[in-house]
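Subject: Structure handover and notes

Dear colleague,

Please keep it open while you read.

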Amino acid sequence: MNDPLGDMLTRIRNAQMRGKSVVSTPASKQRARVLDVLADEGYIRGYEQATDANGHPTFDISLKYYEGTPVIRELKRVSKPGRRVYMGVSDIPQVRQGLGVSIVSTSRGVMSDASARAANVGGEVLCTVF
């Protein structure tokens with residue numbers, strides 16, 4: 001797999017299209033940090049660490065719905081393995097005039113765009129959520 005984070009985002013999109021309440025994805029530190037940001041911003045209920053049938057660690061992500069529609073309307077990968085996108089603190093984009101969130105990997109960890117601006121750090125823009 002070339003893009004583990006992109007795979008997780010696709011699993012979340014697909015599960016929401018099918019109306020699933022829980023989706024499973026392989027575990028990694030970067031995925032955990034992105035899921036922490038999604039949970040802090042209120043886009044998912046949370047996640048739990050588990051193991052699959054082969055004993056590999058996985059995350060069970062609890063998806064969030066409001067009146068039957070998914071809370072996440074749009075989930076896009078910005079920085080890809082073939083084209084990394086780095087931005088300074090003044091260039092980090094606002095998603096839908098502040099209604100959405102950009103998730104940024106900085107030298108101080110993975111955080112939302114608002115947290116990156118408050119900490120005055122730029123970095124790699126991983127994805128955008130609306």
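Which residues of H2 are buried? They are Arg 31, Ala 32, Val 34, Leu 35, Val 37 and Leu 38, where buried means under 20% relative accessible area, exposed over 50%, and partly exposed in between, with a 1.4 Å probe and protein chains only.

Before going further, please note that this is a predicted model, in which local features need pLDDT of at least 70 and side-chain atom pairs count only at pLDDT 80 or more, while totals for chains, interfaces and linings use all residues. Residues are numbered from 1 along each chain as its sequence is written, and side-chain values use heavy atoms, with hydrogens and water left out.

Helix H2

Helices (H or I, at least four residues) and strands (E, at least two) are DSSP runs, numbered from the N terminus. H2 covers residues 29-40, twelve residues, and spans 17 Å from its first C-alpha to its last, close to the 16 Å expected at 1.5 Å a residue, the expected span being 1.5 Å times one less than the number of residues. After H2 comes Gly 42, whose phi is positive, near 85 degrees.

Within H2 lies Arg 31, which counts as buried because its relative accessibility is 3%. Leaving aside residues up to four places away in sequence, Arg 31 touches Met 1, Pro 4, Leu 5, Asp 7, Met 8, Thr 25, Pro 26 and Phe 59, contact meaning heavy atoms within 4.5 Å.

The sheet

Three strands form an open sheet in the order S1-S3-S2, with antiparallel pairing; two strands pair if DSSP finds at least two bridges between them. Strand S1 (22-26) and S2 stand at the edges with a single partner strand each, so one side of each has no neighbour in the sheet. From one strand to the next the twist averages 25 degrees, with axes taken as lines fitted to C-alpha atoms, for helices over the stretch in contact, and angles running from 0 to 180 degrees between N-to-C directions. Seven bridges join S2 and S3 in the antiparallel sense, and Ala 50 stands opposite Thr 58 in S3.

Helix H1 (residues 4-18) packs on this sheet, touching S1 and S3, and its direction makes about 165 degrees with that of S1. H2 lies across S1, S2 and S3, and runs at about 150 degrees to S2.

Aromatic rings

Rings of Phe, Tyr and Trp (its six-membered ring) pair if their centres lie within 6.5 Å, and planes under 30 degrees apart count as stacked, over 60 as edge-to-face and the rest as tilted. By this rule there is one aromatic pair. The ring centres of Tyr 47 and Phe 59 are 5.0 Å apart and their planes stand at 75 degrees, so this pair is edge-to-face. The pair links distant parts of the chain, twelve residues apart, with Tyr 47 in strand S2 (residues 44-51) and Phe 59 in strand S3 (residues 57-63). Tyr 47 is partly exposed, at 25% relative accessible area, whereas Phe 59 is buried, at 4%.

Two residues with positive phi

Arg 96 is found in the loop between strand S7 (86-87) and strand S8 (101-106), and its phi is near 50 degrees, a positive value in a residue other than glycine. Asn 120, in the loop between helix H3 (113-119) and strand S10 (123-129), has a positive phi of about 60 degrees although it is not a glycine.

With kind regards
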